[in-house]
Amino acid sequence: MAGRIPKHFIDDLLTRTDIVELIDERVPLKKAGKDHKACCPFHEEKTPSFTVSTDKQFYHCFGCGAHGTAIGFLMEYDHMSFPEAVEELARRAGVEIPREAGYTAPVPQVGPDLLELMREAARFYKTQLREHPEAPKAIEYLKGRGITGEIAKNFELGLAPDGWDNLLRALGKDEKTREALVTAGLAVKKEGGGYYDRFRARVMFPIHDHRGRIVGFGGRVMDKGEPKYLNSPETPLFHKGRELYGLFRARDAIKRENRVLVVEGYMDVVMLAQYGIDFAVATLGTATTHEHLERLYRHAPEIIFCFDGDRAGREAAWRALETTLPVLRDGRQASFLFLPEGEDPDTLVQKEGTEAFRTRLKAGKPLPDFLFETLVKQVDLNRLDGRARLVELARPHLAKVAPGALQQLMQDRLSELSRFDPGKLSTLVGTSAAPARRPSGYGTGPKGPPTVMQLAIAMLVQHPSLAATVPPDWKLEDESLPGADLFQAVLGLLHSAPGMTTARIIEHFGDNPHRPALEKLAVMQHPVLEHDVAAEFPGVLTKLTQEALKHRTDGLLRKQQAGGISPDETAELNRLLTRRKG
Ligand SMILES: [Zn+2]
């Protein structure tokens, strides 16, 4: 995946990027010595242990072990894919990503023409809402729904007039553009040839992606037509499972509130915003996905799901709960708000006003409560086998939650309800021996004291300027010594490109199998690494040389004992043994 964007380009991009600036825009940093610090955005903490280094162009949290380069940060924090992160950095730096021959983007090819087309379409729909002969009818409809002109303007609402080719006539100037309109999901190709507008006689809601670009539309009929809501189909730009209506707009409010409200329709989002509840987003005619949730938790630690209190609503809530369990971990919360049957946020907030609706938000059912309530309903707790059944039902759900305090508390609750011994329960639930799970791509330094090789590589990658103190032709005696290939690779890289930062070294390795080890070493903590590295490095190199020598000698000795040594190797062995004595 990474290989198709030229390596030198990524290296160049990292040179042009300042990770401190990049992170500071998202997580305000304070200067601390030569580094910058903040409370970690990846775990809950009161004292800052999240450190960003200008020299290394690398971030590292001493609390949870999160670490990485500018690219890695965008991937974790903004939940971007690798190509998206590269694209974002390129955009910031104002450079074009060179495409290698035969390059096909692993993410959908987002041609600038499609995005431009979406912008033009949004402008067209907006103009129609002011100028088209049908505009008064649409405005009347919006007013009837309780939407003010101001909020319609804020949300860039528009009108797709009745008729088969309004948009096509306005934008589809040639065959290529008409085809692009089809690709963008705005027009449909007729079987016998020709095209027609996908959205007709609808109020239009533009859908923005996480960067604020229009990637799709939702259209609502103004009368009895079907379907009531029509969304853009899946296109190279638009993926229902990834986008959330209103997220880009609500970002600041979500941050301010420290929570996000998930509702079902865009009308709900718009109406809630009109009533000052501006931290709501909507899924787009799909159940909440893992990707949605990860994205939302990047913005706030608490998600409130809002559902109709009827049977269908409860079933949808249960599905949301099941998707949420695997992304839950300490510091993340979810709750479920059930509205009176037949009500949705749009109608309810109009009926009872902002304060009453805000009060409802406080009364949302925490996820663990909703989980156990639902399960308890299915068993008879007065019976021994009923309580056993409860354990059986709860087990797979609890096992999905990341180990930590939350999982433990949920388990305690199950123990109370089932009157099952807590100790035995954790064995049964299979949570006791579970290894601590970390966010993807994270890891702390290796356990136990590092080997000389680990220390040597860590010194090089954390202090790349040390490479200049090693002669260019320097080679380890034995390349089969564990880690020797990585050490030589890093050293070679630094010799060929002096001045590389830690971040550039890491990204140079792309998806090389060595990369995870290298990342661990880049954040390894060791007394030597904090002090006078320049003074310590020669000693470490000497030790490394001795180890390589010993490794090679031992290998040859074993070969000699087994009787499989060649004359050349015997000569080498003798030479090595003499050297060792000396
Ligand atoms: Zn952290």
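Guide: This is a predicted model, in which local features need pLDDT of at least 70 and side-chain atom pairs count only at pLDDT 80 or more, while totals for chains, interfaces and linings use all residues. Residues are numbered from 1 along each chain as its sequence is written.

For the setting, the protein chain has 25 helices and 16 strands, which are DSSP runs numbered from the N terminus (helices H or I, at least four residues; strands E, at least two). Buried residues account for 36% of its 582 residues, where buried means that 20 or more other C-beta atoms, placed from the backbone, lie within 10 Å of the residue's own.

The part to look at is helix α24, residues 533-562, whose 30 residues should span 44 Å at 1.5 Å a residue, the expected span being 1.5 Å times one less than the number of residues. The end C-alpha atoms of α24 are 42 Å apart, which agrees with that expectation.

Along α24, the buried residues are Phe-537, Leu-544, Glu-547 and Ala-548. An α-helix has 3.6 residues a turn, so residues three or four places apart point the same way. Just after α24 comes Gly-563, which takes a positive phi of about 80°.

How values were computed
Buried ≥ 20, exposed ≤ 12 C-beta atoms within 10 Å, placed from the backbone.
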